[in-house]
Amino acid sequence: MKANVRLGRILGVEIGLHFSWFVIALLITLSLTAQFHQQNPQWGEPVIIGLSILTAGFFFAAIVLHELAHSVVAKARGLPVKSITLFALGGVAQVEKEASDAKTEFLVAIVGPLTSVVIGAICLILTSLIGWSPLKPPDQPLPAMLAWLGYINLLLAAFNMIPGFPLDGGRVLRAVIWWLTGNPDRATRIASRTGEVVATAFIVLGIVRFFGGAGFGGLWLAFIGWFLLDASRATYAQVGLLDALRGVSVADVMERDCPTIDGDCDLQTLVDKYVIRSGQRCFAVVESGHIIGLVTLHEVKEIERERWPRTTVHQVMRPFEKLHTTRPDTPIADALEAMARGDVNQLPVASNGRLEGFVSREHIVALVQARQELQAGRG
């Protein structure tokens with residue numbers, strides 16, 4: 001999930017907001033305002049509104065800490081983390097590589113809920129230290145905020161431990177099954193199917209509650225179920241994709257006849273004479289007989305169309321020494337993972353400092369489709 005608004009970096013991890021976050025932030029603030037107003041109307045509107053905004057802010061800070069805990073453990077176990085994005089259902093840390101063993105999967109998954117439990121416990125302990133009793137609603141702003149943050153973080157931990165992939169509980173389940181069976185693919189399938197069952201239960205329960213008078217609460221539960229169902233199915237499909245790519249290297253699918261283009265060629269000529277006529281999306285840039293870089297449609301589209309006749313390929317290309325390349329013997333699944341990390345559609349293939357060709361998502365999709373058609377034919 002990509003962030004629409006970037007906030008900065010913490011511990012080397014980029015923090016951002018998805019557009020859906022603004023919706024849930026508004027809903028939580030309005031919900032807190034109604035709750036505080038009902039419990040303590042004597043505080044007055046300015047205090048209630050300010051406390052609601054502050055409490056919502058601390059809640060989302062707690063979610064960031066939850067995801068940072070995942071990130072810190074992932075990085076400590078050798079898994080690179082690119083970003084954390086807050087969205088409507090909480091937060092997600094984008095770990096750029098799958099865990100290589102069950103222990104790593106378990107530790108990365110469990111640390112998030114544990115962090116939420118610790119935050120919740122600290123908040124409730126602080127409320128007790130300032131004289132609040134859980135037997136009655138807090139009558140002061142500070143204990144009211146701390147009590148809500150305490151309970152909501154404990155609920156967040158409990159929700160995340162539901163054994164539905166890709167929730168943390170689903171990943172813990174996957175790690176346990178992986179450890180018992182020694183088969184990560186089988187563990188992922190079981191965890192994903194369990195996630196589908198849990199998600200379906202959420203949807204059914206939400207619909208029943210909606211027609212039973214729960215209103216928005218029932219619809220929200222059904223929406224969460226729908227999100228989990230979609231995520232579980234996507235994970236299951238990913239396992240099938242990895243199965244189809246097992247044993248295939250970059251050399252098996254890469255395009256060896258890499259088309260070349262002169263660096264002095266303007267972008268208008270590149271598009272009209274080469275791209276439109278051949279359908280090629282990636283060109284090696286040559287000058288004086290040497291390959292000096294690579295240009296793709298991505299670089300071309302970054303330039304305004306009216307500037308194409310006055311802009312040369314050399315001006316927009318990516319220099320060869322700065323390219324993220326892969327080797328011919330690299331497993332194709334690793335190459336696909338590298339494309340996702342770099343947010344690119346193709347990778348140059350190099351060996352001993354020489355360009356051998358390039359591999360693209362289209363090549364991989366064509367391979368998977370061909371294998372699926374053959375499997376369907378045998379079936």
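I looked up the ring pairs and found that the structure holds nine aromatic pairs, where rings of Phe, Tyr and Trp (its six-membered ring) pair if their centres lie within 6.5 Å, and planes under 30 degrees apart count as stacked, over 60 as edge-to-face and the rest as tilted. The model is a predicted one, in which local features need pLDDT of at least 70 and side-chain atom pairs count only at pLDDT 80 or more, while totals for chains, interfaces and linings use all residues. Residues are numbered from 1 along each chain as its sequence is written, and side-chain values use heavy atoms, with hydrogens and water left out.

I took the pair of Phe36 and Trp43 and noted ring centres 6.1 Å apart and planes at 50 degrees, so this pair is tilted. Phe36 and Trp43 are both buried, meaning under 20% relative accessible area, with exposed over 50% and partly exposed in between (1.4 Å probe, protein chains only).

For Phe59 and Trp148 I noted ring centres 5.7 Å apart and planes at 80 degrees, so the pair is edge-to-face. This pair links distant parts of the chain, with Phe59 in helix H2 and Trp148 in helix H4, 89 residues apart; helices (H or I, at least four residues) and strands (E, at least two) are DSSP runs, numbered from the N terminus. Both residues, Phe59 and Trp148, are buried, and together with Trp21, Phe22 and Phe60 they form one aromatic cluster.

Of its 41 residues, Trp21, Ile28, Phe36, Phe59, Phe60 and Leu86 touch the most other members. The largest share of this core, 12 residues, comes from H2.

Next I checked the second largest pocket, whose lining of 25 residues has Ile28, Phe59, Ile152, Trp220 and Ile224 nearest the pocket centre. Helices H1 (19-39), H2 (45-76), H4 (141-160) and H7 (216-245) each supply at least two residues of this lining. A pocket here is an open set of points on a 1 Å grid over the protein atoms alone, where a 1.4 Å probe fits, with protein on both sides within 12 Å along at least five of seven lines, and lining residues have an atom within 4 Å of a point.

Lastly I looked at Thr115, which sits in helix H3 and counts as buried at 18% relative accessibility.

Conventions
A nonpolar core is a set of buried Ala, Val, Leu, Ile, Met, Phe, Trp, Tyr and Cys residues joined through side-chain atoms within 4.5 Å.
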